[in-house]
Amino acid sequence: MATSGNPAYSPVALLNEQQWQQLNAAVSGLDSTQLLWASGYLAGLAQAGQLPAAPVAHPEAVASKSVTILYGSQTGNAKSLAEQYLDKAKADGINAKLFNMADYKPKNLKNESHIVIVVSTHGEGDAPDDAVQLHEFLGSKKAPKLDGLKYSVLGLGDSSYEFFCQTAKDFDERLNKLGATPIVARVDCDVDFETDADVWSNQLTSRLQEEFKSAEVVSIPGIQRSTAQPQSQSQYSKKNPFAAELIESIKITGRDSVKDIRHIEISLEESGLEYQPGDALGVWFLNDEALVADILSLLGIDETTEVKLKDESFTVKAALVEKLELTQSYPGFVQKYADATGAEEVAALLNDKAQLREYLADRQIIDVIKEFPAQITAQQLVDSLRPLMPRLYSIASSQAEVEDEVHLTVALVEYEKFGFQHQGGASGYLGTRLEEGQKVKVYVEKNANFRLPEDPNTPVIMVGPGTGIAPFRAFMQEREAQEAEGKNWLFFGNPNFTQDFLYQVEWQRFLSEGVLDKISLAFSRDQKDKIYVQHRLLESGAEVWQWLEQGAHFYVCGDATHMAKDVNDALLSIVQQYGKKSAEEAEQYINDLRRAKRYQKDVY
C-alpha cells in the first residue's frame with residue numbers, strides 16, 4: 001500500500017526524537033500478541049483523552065541504558081552463546097539487542113554505550129565470514145574514536161591451532177586502541193567452552209547491573225515480558241544427543257586411491273531431528289579401546305582405577321574411551337603432562353611455541369607419552385587431558401530425498417608414524433570401528449551461514465573439492481525436489497578421475513537430467529602439472545563473472561588453510577579482470593557479496 005508524502009503523517013514528525021526513542025524502548029522485546037494489546041491500549045487512551053498512569057520504575061529492568069550484543073559465527077557456536085546471553089541479560093533486567101555482525105552497520109558503534117562481542121576464529125586466525133566487515137572496519141582508518149564505549153569480548157577457538165582465538169584478540173586490541181574500555185576482561189574459550197563462557201556471562205551481567213542500577217524503565221500496565229521459549233521440534237541436542245543406528249558405511253574411493261573416503265548413512269527414525277542442506281551433524285564418538293589399553297600400559301595404570309571428572313566417578317578406562325580427547329594433541333596437554341611428571345625434557349618443549357606446534361602437528365597423545373614415559377597416577381592423567389568434543393560433519397543429504405536418514409562423506413584419517421598406525425578419533429570410529437546396526441550419538445548443528453538461496457530461481461556456483469562435495473550433494477537433492485529453475489554449477493577436484501570422483505554416477509545423472517547445468521573437474525594428478533579447482537575457476541572466469549552479475553550465490557566447502565584462500569584469490573582476480581575493477585573495488589565487491597549472503601563458506 002502506498003504511503004502519503006505529507007510529512008504530517010511521518011511518525012518522526014509527530015514525535016520528537018526523545019519521544020521516539022522512549023516509544024521504541026517501551027515496546028522493545030514485546031511479542032506480536034503483546035504489541036497488539038499495547039496498540040489497543042494506547043488507542044483507548046487516545047479516544048478517552050486520558051493520560052496513562054505515571055511511569056513505574058522497576059529496579060530489575062533497564063531501558064534508558066542498553067547493551068548491544070554482536071556475534072560472528074562460522075559453525076553456530078558463537079551465535080548460540082550470544083543468543084543465550086541475550087536471554088540471560090533480559091531475564092536479569094538488562095535491556096539488550098542482538099545482531100549478527102554482518103547485519104550491523106559499523107558506523108553505529110560511535111552511538112553505542114555498551115557492546116558485547118561473541119566471536120569465533122577459524123583457519124589461520126581468520127574472522128568468520130559474517131564478522132569480516134566489522135573486523136576490517138575497526139582496523140581501518142575509518143574507525144571512529146570510541147572513548148565513551150564499554151565492551152567485553154568472548155572468543156571461541158581451539159588451542160591446538162597456532163592462532164588461538166585470534167579474531168577475539170583482534171577485536172579486543174582494536175577497540176582498546178580506539179579508546180573503548182573493557183567491562184570485564186576478554187575470555188578465550190577452548191573447544192570445551194561451556195564452563196568458561198558461563199563464568200564470563202555471570203561476571204559480565206553483574207558488572208552491567210552495577211552500571212545500569214540507577215536507570216529506570218517505563219512499563220505499560222498489564223504487560224509482562226514473555227518468558228516462553230520456542231518449542232524445539234526435537235528434544236535432542238549437543239547436550240542430549242540421539243542414539244542413532246548406523247545403516248551402512250561404504251568406501252567410495254577406488255582401491256588404488258591415496259584417500260579412503262566413506263559414505264556413511266545413519267538412521268534418525270523416531271528422533272524428530274530435522275535438518276536443512278548446509279547444516280552439520282555433530283558426532284559423539286568413542287576412542288579406540290586398543291589405544292586406551294596402550295596408554296594405560298605405558299603409564300602402568302590399572303584400567304579399573306577410579307577417577308573423578310567434574311565430581312562424577314568413572315573407571316580410568318571408561319573416562320579415556322568415552323570422555324577425554326586422545327587423538328588431537330595440543331600445547332595444554334604438554335604443559336599439564338610436564339607438571340605431572342616433572343620431566344625436564346617435556347618442559348623444554350614449552351620454551352619455543354613455534355617448535356612445539358611443529359612437534360605436535362602429526363603426534364597424538366600416545367606419541368608424547370611414548371617418547372616421555374613416566375609414572376603418574378590415573379587422576380593426574382585424566383586431569384592432563386581435555387574433554388572429548390564432538391566432531392562436526394557437513395551433511396551430504398536432503399531430507400526431501402532421504403527422509404529419516406542423514407548421510408555423511410567422511411575421510412578416514414589414517415597414517416603410519418613413529419612405528420605404528422594412527423587413526424583419527426571420529427573418522428576411525430565411523431569408518432572402521434562402528435558396525436552396521438550399532439548406535440552412535442548424534443545431533444544437528446544448524447548453520448544459517450550456509451544456505452541455498454530462498455528464491456529457487458537463483459543460480460548457484462558450488463566449489464567443493466574432496467569431502468567438500470558433501471553439502472553440494474544435499475543442495476542438488478533439495479533443488480531437484482523443489483523443481484528449482486535456478487542454474488547450478490559445480491567445481492569439484494580430487495587426485496584421480498578413476499579413483500576419486502566421489503558420487504560420480506549421481507553427478508552424471510544430475511547433469512543428464514538438467515538438475516546440474518555445468519560441472520568443472522580438476523583431478524590434480526591426472527597430468528604432469530597439478531590442476532586444482534581455483535585453476536578451473538580462472539579458466540572459466542568470464543562465465544563465472546556473468547553468473548555473479550546475474551545474481552548467482554557462490555559457495556565454498558572444504559580445506560580452510562589452502563583451498564579456500566586460493567579460491568578467494570581466484571575470485572578476486574575474476575572480479576578485477578572481467579568486472580574491470582581495481583584491487584580495492586574487487587575487495588569491496590566480494591565484501592558486498594558476503595553481506596548479501598551470496599558468498600558463503602563452510603571450511604575446516
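Start by selecting G155 and D188: G155 stands opposite D188 in strand β6. Strands here are DSSP runs of E with at least two residues, helices are runs of H or I with at least four, and both are numbered from the N terminus. You are looking at a predicted model, in which local features need pLDDT of at least 70 and side-chain atom pairs count only at pLDDT 80 or more, while totals for chains, interfaces and linings use all residues. Residues are numbered from 1 along each chain as its sequence is written, and side-chain values use heavy atoms, with hydrogens and water left out.

Now widen the selection to β4, residues 150-156. Six of its seven residues are buried, so the strand is largely enclosed by the rest of the structure. Buried means under 20% relative accessible area, exposed means over 50%, and partly exposed lies in between, with a 1.4 Å probe and protein chains only.

Two strands count as paired if DSSP finds at least two bridges between them.

Next, show β3, residues 114-120. Seven bridges join β3 to β4, and these two strands run parallel. For one of the pairings, pick S120, whose bridge partner in β4 is L156. Follow the chain from β3 through helix α5 (residues 132-138) to β4, and you trace a right-handed β-α-β crossover. To check the hand yourself, point the strands away from you: right-handed means that the path from the first strand over the helix to the second runs clockwise.

Then bring in β5, residues 181-182, parallel to β4 and joined to it by two bridges. Here K150 stands opposite T181. From β4 the chain passes through helix α6 (residues 166-177) to β5, in another β-α-β crossover that is right-handed.

**Stop two: helix α6**

Stay with α6 for a moment. Its twelve residues reach 16 Å from first C-alpha to last, close to the 16 Å expected at 1.5 Å a residue; the expected span is 1.5 Å times one less than the number of residues. Which residues of α6 are buried? Colour T167, A168, D170, F171, D172 and L175 to see them. An α-helix has 3.6 residues a turn, so residues three or four places apart point the same way. The buried residues of α6 pack against β3, α5, β4 and β6. Just after the helix, look at G179, which takes a positive phi of about 105°.

**Stop three: V307 in strand β10**

Jump to V307, which sits in β10 (residues 306-309). V307 is buried, with a relative accessible area of 2%. Leaving aside neighbours within four places in sequence, V307 is in contact (heavy atoms within 4.5 Å) with residues including F314, A319, A378 and V382.

**Stop four: an annotated loop**

Finally, select S524, R525, K530, I531, Y532, V533, Q534 and D566, which an unreviewed UniProt entry annotates as "binding site". UniProt positions are given in the numbering used here, feature names are shortened, and annotations may be inferred rather than shown by experiment.

R525 lies in the loop between β19 (518-523) and α20 (533-539). Its relative accessibility is 48%, so R525 counts as partly exposed. Beyond its neighbours within four places in sequence, R525 contacts V258, P495 and N496.

Y532 is also in the loop between β19 and α20. Y532 is partly exposed, at 36% relative accessible area. Not counting residues up to four places away in sequence, Y532 touches A522 and S524.
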